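Me: I'd like to learn how to read the features of a model like this one. Could you take me through it, step by step?

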Amino acid sequence: MSNQKKKHFQIEAFKHKVVMDPKYPDKTWKILEDAIHEIYNHNASGLSFEELYRNAYNMVLHKFGERLYSGLVATMTVHLKDIAQSIEAAQGGSFLEELNRKWNDHNKALQMIRDILMYMDRTYVPSARKTPVHELGLNLWRENVIYSSQIRTRLLNTLLELIHSERTGEVIDRGIMRNITKMLMDLGPSVYEHEFEKHFTNVSAEFYQVESQRFIECCDCGDYLKKAERRLNEEMDRVSHYLDPETEKKINKVVEEQMIENHMLRLIHMENSGLVNMLCDDKYEDLGRMYTLFRRVTDGLLKIREVMTSHIRESGKQLVTDPERLKDPVEFVQRLLDEKDKYDKIINLPFNNDKSFQNALNSSFEYFINLNPRSPEFISLFVDDKLRKGLKGVNEDDVEVTLDKVMMLFRYLQEKDVFEKYYKQHLAKRLLSGKTVSDDAERSLIVKLKTECGYQFTSKLEGMFTDMKTSQDTMQGFYASHPDLGDGPTLTVQVLTTGSWPTQSSITCNLPAEISALCEKFRSYYLGTHTGRRLSWQTNMGFADLKATFGKGQKHELNVSTYQMCVLMLFNNADKLSYKEIEQATEIPAPDLKRCLQSLALVKGRNVLRKEPMSKDVVEDDAFFVNDKFSSKLYKVKIGTVVAQKESEPEKQETRQRVEEDRKPQIEAAIVRIMKSRKQLDHNNLIAEVTKQLQSRFLANPTEVKKRIESLIERDFLERDDNDRKLYRYLA
Amino acid sequence: MGIKNDRVKFNVGGRVFETTATTLANAGRNSMLGAMLDENWNLLQDNGSEKFIDRNPDCFSVILDLLRTGELYIPQNISEKLLYREALFYGVLDHVRSAKWGQFDGNRLRLSQSVQGQAPGDGTAIRAGPDGGCCVAHGCMVHVYDWMLDEHNPLNLDYQRVNDVGWVDPNNIVIGVSERLGRGDGGIGLFSSHDGELRYKFQVSHENHVKSYTASALSFSSDYKIFSSCKGRSNEYGVGVWDQVTGKQIDFFYEPLGWSLGDADKVQWLEGSNCLLVATMFPRKDNCYISLLDFREKKMVWCWSDVGATLAVDEKRVRDAIAMEDNSSICVVNEFEELGFMDLRSSAANSVRWSSRSRLMKGKMPEEPCYPKLALHGGQLFSSMNDCISVFCGPEWVLTSRLRRSYGGSICDFSIGGDRLFALHSEENVFDIWETPTPPII
């Protein structure tokens, strides 16, 4: 080897490089591109999935992911542009069908393309932060088809027109509507909203504005509500069949606003068919419809409630102030109960037992019942009537129901103490005359009053029952210890605790000797067993059964009051007695005696006495005889007393005064209680607290409260603050 | 014969396999095998013919077995990597991953692998990813490993010292680094775990001025918030809050006077009570400060500090803390691995109740000790000390297991996630992966 021949070697760096066919990516992409064409042309049956998947895999593996992805975008765009053209070319009714068909085709193609490019989707797409294939396919469809200028407005108009014709009664293909709206949803909720929903609600608002105007001109309220309800149901039905569920709220709001909210007042006040008419005619169905429809809009129920309240107040006011009604207390209360029943039913059924309506009803009743100051008396009279006779033959449950209803009314009363006064009087009469029908009913009512107003309210009433029971035992004891009394007259004494009973201190009349001797025996027996007590006789409240034989031998048993008995017994020893003689012998107070004689002599069919002269009124010169001609079909004759059932004007005044008198200590007690805990309080707050404390019994009159405060200041319970005259202090 | 033929025949790389469509359906429609059987692709083919797949038959056989049984057995002659690659081709890599190791149980862990790294210097932190991967912070770099323990591109933020790192989801990692004086660098960055690219940098602004800052401990909430302890140059110490999605700062909790929030060792978001635990420990500060912040009310709702405690009990210094919401308590640990507990329900600062469990470590400290760390997972409490990790269970936190490996020196950090436990050693650049084996066959 010669030096000349020495070759200069250059050592090249080893290149870590795999030489690849430079046409490889183009070739591979061509295969895939052709496959995509075939898929869009419904010609995929000849394709080998494995081969295509492997090719796509290899492209990604050899870093041609970008090439693959951009090729996909370009190819798909071309196809979608074609598709858009063919949809644009569709005529008339076939437009939606063509759109739907192409959409289905695209979806299927998209699925297959994604299958082929799955490896790219899994590895290249996330690392290069591209849109995944499926989403890409939807985006391209949206951009190229839905947003194409030829399709966009046409699609919207077609959808809206179809809905309009369905609203006007035509039948449309709901299936295709569902597919199209679902497509819009698949493209993204915002696409659905912007391309369809927003316009749909606007168009609907216009439609219903016009329609509601037309309806309100020509329909009555009930019909209008029926139509509105039907429209609402139709819209809900539409949503459930072919719109997105989210649309329901929005379209409902449109219909509610146009059909109801905008016409609310006009509907309620509609002449001859508005709310008041519905209430008067008990139109439950219409009322129910109005309630459910109006509940959907703001302030809807408020409006109904306002109108209902003012109607109840107005008609209630008429009822309680109508002088005709005041004649019969039982009827008066019955009317109130009927009215209450009517509205209870309306609130229970059509108004869905709505609490706010119940409250409105209660406040309305409270308002008008108290407009009539005699309501407490009447309610007590109603109870009296029911407990005397009204409940005969009625089963226990019904009694309870009636009593519960009365308690409802009682709850509305502001002057519960007035009711108590009357109730006590009426109860006393019932108990003493043995007229009460059912002891259970009486007691049940007491329990109700107790739960309503507390122990204090009923303690005296309960005392009355206890007295009755004790008296029974006492009488048994009395007769057991006096076996010798078998033959004479039978005496039944009811020992009444002073204070529990509404007794007036009355002058005891002279009893007949037989009775008075018996009374003495009882007195000594009673005081013998109960030391330290005092007995006084309430002769004005008793009654007696007398066996009488008249001139022609007719025998009768007379049921009379104690006074009447005293009078009649005088005739055992005399045929004729003058008024004066009777008065002297019996010492019955004049007005009572007159009433007593009236009932004995002047009532037809009950006139066991005869009066001379035969005038209507009893005067001092009258003379009385036994009426020998007395006859009656009945063996037992009940001689009633002429007593006014309702209170007369002066009696009313007296009761009123007694009530006022009774309130004074209660008000004072309340003031002292409050001041004791607060130590000091200003005038207005004190009045407010007193009123609040007492409202379960009566509505305190501020002037009266003020008087009581003055009186307490005088008696050194309270003092005024030196600096602030409005401020009171409690003096311990 | 009236009965639909369920059988499918494959020819994979020359070897014929026969299976059923039912077995293949286990792969799911979103896999290559699932798509292959879809009727879209089978319009003309009859069931008798083989489907050809140009792949490795040995791997296919393993994968087919996985689909049949749900269990993974890799023969000696197949490398795991090869199998993973094939599984990715068929689209069943997730099946392989979930069959690879069992559901996490601290008491049944086995050492699966140790991975050696190249980074110089000590590791700072290791964090398990939600799908079994992990990332390791070394100095100014974060090395990212997927669940197959393949290393991806490392992350860095201006090559500044990394103080904490965490996964917000399998695809994204957040790192917090120190600032470089005068350069406006540092702060917090969100990176892709796949390619290591920076996606967002999170800024701190005070009175509308963007400031540079040092981010230390990080935490994340399920409603996409990032919390970080931040230390600015002037008085901008505190805890910043950012939205992961927008990258915007949404809140800042300023450090109160006499307290420490801005250079915390640990922040922990508590989903149940809507509070953030912030703990700063010795030796970063001379004292230990633990507090719970309520961002809605801008209030410190609970706090504890050892300021003023007699330091005769030097050994009782708190070195790590973790909130245990289920027990309404905070667990702390000192350098002798004694656990202490504090009640979260009483808002007043109360004392630590130390459990007098063991003082085994006392007197035999290794040459290069690491401070103990705590972790809580599935009702089990973990604490690292020197070269081992202790597992505590039950209401009284009884020591039930101890994980130890002799090689690599002390454990400077560990983390549990994706049903794996990762432990980073301080002396050698190595981390261990502990897994629960799959359940026994019978």
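Reply: Happy to. Let's begin with charged side chains: A:Glu166, A:Arg167, A:Arg174, A:Glu235, A:Asp237 and A:Arg238 are linked in a network of salt bridges, a salt bridge being a side-chain nitrogen of Lys or Arg within 4 Å of a carboxyl oxygen of Asp or Glu. Before going on, note that this is a predicted model, where local features need pLDDT of at least 70, side-chain atom pairs count only at pLDDT 80 or more, and totals for chains, interfaces and linings use all residues. Residues are numbered from 1 along each chain as its sequence is written, chains are lettered from A and ligands numbered from 1 in the order in which they are written, and side-chain values use heavy atoms, with hydrogens and water left out.

Me: How many salt bridges does the structure hold over all chains?

Reply: The count over all chains is 75. One of them joins A:Arg289 to A:Glu229, with the closest N and O atoms 2.8 Å apart. A:Arg289 sits in helix α14 (residues 284-294) of chain A and A:Glu229 in helix α10 (residues 221-242) of chain A, so this pair ties together parts 60 residues apart in sequence. Helices here are DSSP runs of H or I with at least four residues, strands are runs of E with at least two, and both are numbered from the N terminus.

Me: Is A:Arg289 buried or exposed?

Reply: The scale first: buried means under 20% relative accessible area, exposed over 50%, and partly exposed in between, using a 1.4 Å probe and protein chains only. A:Arg289 is buried at 11%, whereas A:Glu229 is partly exposed at 26%.

Me: Which residue forms a salt bridge with A:Arg231?

Reply: That is A:Glu234, with the closest N and O atoms 2.6 Å apart. Both residues lie in helix α10 of chain A, 3 residues apart, about one turn of the helix. A:Arg231 is buried, at 11% relative accessible area, and A:Glu234 is partly exposed, at 26%.

Me: What about the pair A:Lys611 and A:Asp622?

Reply: Their side chains meet in a salt bridge at 2.8 Å, N to O. A:Lys611 belongs to strand β4 (residues 609-612) of chain A and A:Asp622 to the loop between β4 and β5 (623-626), so the pair ties together parts that are 11 residues apart in sequence. A:Lys611 is buried, with a relative accessible area of 1%, and A:Asp622 is buried too, with 1%.

Me: Now the nonpolar side: which residues have the most contacts inside the largest nonpolar core?

Reply: A nonpolar core is a set of buried Ala, Val, Leu, Ile, Met, Phe, Trp, Tyr and Cys residues joined through side-chain atoms within 4.5 Å. The largest has 179 residues, and A:Trp141 and A:Phe294 have the most contacts inside it. Another core, of 45 residues, lies apart from it, with A:Leu491, A:Cys566, A:Ile588 and A:Leu609 among them. Contact in general means heavy atoms within 4.5 Å. Not counting residues up to four places away in sequence, A:Phe294 touches A:Leu225, A:Ile260, A:Met264, A:Leu267, A:Ile268, A:Gly300, A:Leu301 and A:Ile304.

Me: How do I read the interface, and what area is buried between chain A and chain B?

Reply: The size of an interface is often given as the accessible area lost when the parts come together. Buried area here is what two parts lose on being put together, with a 1.4 Å probe, summed over both. Between chain A and chain B it is about 2,000 Å², of which carbon and sulfur atoms give 59%. A:Phe49, A:Glu50 and A:Arg129 supply 27% of the area that chain A buries against chain B, more than any other three residues. In contacts, 21 residues of chain A meet 22 residues of chain B.

Me: How many salt bridges cross the interface?

Reply: The rule finds 3 across the interface of chain A and chain B. B:Glu197 and A:Arg129 meet in a salt bridge through their side chains, at 3.7 Å from N to O.

Me: And what does chain B look like in its secondary structure?

Reply: Chain B comes to 5 helices and 32 strands. Buried residues make up 52% of its 442 residues.
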